[in-house]
Amino acid sequence: MIFLDSTYLIGLMIDNDDYEGITKLAKELDKKETYFLTKSQASHGMKEVVGQTLDMEVWAIYEETDQDGQIRTIFSCKTPEGEIYGTNSEAFIKAFYDILDCFDPEEVTSIEVIGGKSKNNRDFITCAFAE
């Protein structure tokens, strides 16, 4: 089965229908990478690396349904060291899409994870392209 994103024409070839929610990818993923990015319980929250530059071996943006039936967009990445990080932060995902507007997906191999406070004094995370 091939899923294509009409904007970036990035595909995922996999036979398992459990992964239909993937919408954007850094590259084609094998089954192991797909599992680690979308199903692994060993994933860390992106808030754990605020203030750091994160090198990414592979990344994906996908949708999943939470326990309340709401569809959530998730960003997940794997570092060269094998660590998995993820977030459902709307600010972070919007900033990552802004990066994709400027670069080809395969060029996006490092990001700076940025934390901040909103006007309502709530913590948030976002990201920026890093070389």
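**Pockets and ring pairs in a predicted model**

Mentor: In this predicted model, α2 gives the most to the lining of the second largest pocket, with four residues. That pocket holds about 150 Å³ of space, and β7 also gives two or more residues to its lining.

Trainee: Which classes make up the lining of the second largest pocket?

Mentor: Its lining divides into three nonpolar, three polar and three charged residues. Among the lining residues are Ile71, Arg72, Ile93 and Tyr97.

Trainee: Why is the pair of Trp59 and Phe96 called edge-to-face?

Mentor: The ring planes of Trp59 and Phe96 stand at 75°, and planes over 60 degrees apart count as edge-to-face; the pair is therefore edge-to-face. The ring centres are 4.8 Å apart, and centres within 6.5 Å make a pair.

Trainee: What makes this pair a link between parts of the chain?

Mentor: Trp59 lies in strand β6 and Phe96 in helix α2, so the pair ties together parts that are 37 residues apart in sequence.

Trainee: Why is the pair of Phe75 and Phe96 called tilted?

Mentor: The planes of Phe75 and Phe96 are at 50°. Stacked requires under 30 degrees and edge-to-face over 60, so this pair is tilted. Phe75 is in strand β7 and Phe96 in helix α2, 21 residues apart.

Trainee: Are Trp59, Phe75 and Phe96 buried or exposed?

Mentor: Buried means under 20% relative accessible area. Trp59 has 0%, Phe96 has 0% and Phe75 has 1%, so each counts as buried.

Trainee: Which residues do ring pairs link into a cluster?

Mentor: The cluster consists of Trp59, Phe75, Phe92 and Phe96.

Terms used:
Residues numbered from 1 in each chain as written. Predicted model: local features only at pLDDT ≥ 70, side-chain atom pairs only at ≥ 80, totals over all residues. Heavy atoms only, no water. 1 Å grid on protein atoms, 1.4 Å probe; cavity = no way out; pocket = protein on both sides within 12 Å on 5 of 7 lines; lining within 4 Å. Points joined across faces, edges and corners; volume = space filled by probe spheres on them. Nonpolar A, V, L, I, M, F, W, Y, C, P; charged D, E, K, R; others polar. Phe/Tyr/Trp six-rings, centres within 6.5 Å; stacked < 30°, edge-to-face > 60°. Buried < 20%, exposed > 50% of the residue type's maximum accessible area, 1.4 Å probe, protein only.
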